[in-house]
Amino acid sequence: MVRLHFDVGCSLLKNPRESDTRRKNMVSLFENKATVVIVAVLLLYFLWMDIALFYHVNNRTIVHQSVGPTASASSTPFSVPQLISPFTGLSVKMMMMDPVNNYIFTPAALIFNEVTKFSTVFYFITPNMVSFIGILFAVGAAKCMCFDARIYHCLAIFLFQMRTWCDALDGIVARCRIGMVQHVSLRNTSGYVVDGVADALGFAAFLIGCFQYLRTVVPKHKYLPLSTNDTCKECKDGNSNGGSPQNNIVSNANTQRRVFYVVLCFGLQMAIGAFFWDHYINAYHNLLETSAPSEAQTAAQNDVLRSSITWILMWFWRLSNAHTFIQFLLFAIYINRLWEFLTWIQFVGFAQIFTLAFFTEMHLSTVRSYIMSFS
């Protein structure tokens with residue numbers, strides 16, 4: 001027995017690389033199991049909250065008013081249930097918001113603002129300043145993505161999630177300072193434009209960081225062919241020029257061009273998805289959350305709001321906007337499947353967004369005619 005332990009100890013001393021490999025494999029296995037558990041818990045949490053949101057929407061009633069919007073403004077402080085509830089200020093925008101923002105960052109920002117009195121104590125910090133801080137977080141995340149080490153990628157994910165939290169906080173601060181509870185976009189303000197520009201700059205900066213990372217990693221891991229068809233033909237013919245530096249330069253340029261197109265397609269999907277998402281939020285808000293001239297039209301608004309088709313379309317928009325896409329991207333980075341995710345969604349994303357926009361436009365036209373028929 002002593003001899004056996006001695007031999008094992010000697011083998012470990014002689015093969016430190018094997019010991020390091022085993023240790024790394026154990027750590028990787030633990031990370032994989034932890035990731036699966038965390039993802040499963042989050043998915044169950046999002047599913048449960050979506051069910052609760054569905055019941056909140058069905059219990060919501062739009063009250064007929066002679067003038068003005070149906071949204072009520074109040075400057076009274078939140079109660080404890082309202083403070084921790086992700087359904088405070090329920091609106092069409094909240095129904096179409098991505099789950100991560102809806103159930104994590106927005107309640108966290110609301111609690112932070114209520115506990116610290118941020119919007120009151122730090123009155124000199126405007127919502128636009130908070131949006132600018134979010135851009136700085138995005139730039140820091142993009143810089144971290146340029147490195148190959150996994151620790152930098154985890155830091156990039158954290159920094160970009162901080163940008164997302166700032167994006168939630170700036171809206172809460174803006175609405176709190178004007179006494180608005182309902183979660184709606186203040187479209188006729190400069191903050192609405194600044195917030196959109198900040199989102200665009202933050203997303204663009206992060207995608208540039210992803211491109212800088214992929215342009216060096218993709219050729220290294222041979223995700224793409226490193227030689228053109230002509231080069232392969234020359235190699236088969238026995239021509240030694242197939243591996244010449246000039247051909248390698250051309251091959252590397254083709255690879256980087258391919259990476260650029262893939263990242264660009266994802267950026268276009270985010271831009272198109274954000275445009276349609278914002279457009280339909282405004283369209284449904286004007287149709288369902290503004291006061292109708294008659295009680296019959298108000299009843300029709302309630303019918304449309306509680307319709308299963310309305311909920312299904314809005315739920316799919318929760319998964320098809322730019323904020324959801326960036327969360328998918330961050331998860332792909334965490335599991336080290338960034339390139340696989342981008343190549344998979346390169347064309348699928350376009351088809352999904354345009355198909356959803358087509359059905360949403362048909363639904364809007366139908367329900368608009370239905371509500372107007374009661375005039």
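This dialogue goes through the main features of one predicted protein model.

Trainee: What should be known before reading the model, and how are its residues numbered?

Mentor: Residues count from 1 along each chain as its sequence is written, and side-chain values use heavy atoms, with hydrogens and water left out. The model is predicted, and local features need pLDDT of at least 70, side-chain atom pairs count only at pLDDT 80 or more, while totals for chains, interfaces and linings use all residues.

Trainee: How many helices and strands does the protein have?

Mentor: Helices (H or I, at least four residues) and strands (E, at least two) are DSSP runs, numbered from the N terminus. This protein has 15 helices and zero strands.

Trainee: What share of the residues is buried?

Mentor: Buried means under 20% relative accessible area, exposed means over 50%, and partly exposed lies in between, with a 1.4 Å probe and protein chains only. Of the 375 residues in the protein, 41% are buried. As for area, the Shrake-Rupley method with a 1.4 Å probe is used, and for residues only the protein chains shown count as cover. The protein exposes about 20600 Å², and carbon and sulfur atoms supply 68% of that area.

Trainee: How is the length of a helix checked, and what does α8 show?

Mentor: The expected span is 1.5 Å times one less than the number of residues. Helix α8 has 28 residues and should span 40 Å; the 41 Å between its end C-alpha atoms agrees with that. Helix α5, residues 99-116, has 18 residues and reaches 25 Å, close to the expected 26 Å.

Trainee: Where does α5 bend?

Mentor: The bend at a residue is the angle between axes fitted to the seven residues ending there and the seven starting there. In α5 the bend is about 35° at F105, and the proline P107 follows within four residues. Both F105 and P107 are among the buried residues of α5, a list that also includes Y103, L110 and N113.

Trainee: How many salt bridges does the structure hold?

Mentor: A salt bridge is a side-chain nitrogen of Lys or Arg within 4 Å of a carboxyl oxygen of Asp or Glu. The structure holds three. One joins the side chains of D50 and R318 at 3.0 Å, N to O. D50 lies in helix α2 and R318 in helix α13, so this pair ties together parts that are 268 residues apart in sequence. D50 is buried at 8% relative accessibility, and R318 is buried at 0%.

Trainee: Where do the partners R163 and D199 lie?

Mentor: The closest N and O atoms of R163 and D199 are 3.1 Å apart. R163 is in helix α8 and D199 in helix α9, 36 residues apart. R163 is buried, with a relative accessible area of 3%, and D199 is buried at 11%. Leaving out residues up to four places away in sequence, D199 touches R163, D167 and H323.

Trainee: What do R187 and D278 form?

Mentor: Their side chains meet in a salt bridge of 3.2 Å, N to O. R187 is in the loop between α8 and α9, and D278 is in helix α11, 91 residues apart. R187 is partly exposed, with 31% relative accessibility.

Trainee: Which residues form a nonpolar patch on the surface?

Mentor: Patches are made of residues with over 30% relative accessible area and no salt bridge; like charges are joined within 9 Å, and nonpolar side chains (Val, Leu, Ile, Met, Phe, Trp, Tyr) within 5 Å. Here F147, I151, Y152, L155 and F158 form a nonpolar patch, with about 490 Å² of accessible area together. Y152 belongs to helix α8 and is partly exposed at 36% relative accessibility.

Key:
Contact = heavy atoms within 4.5 Å.
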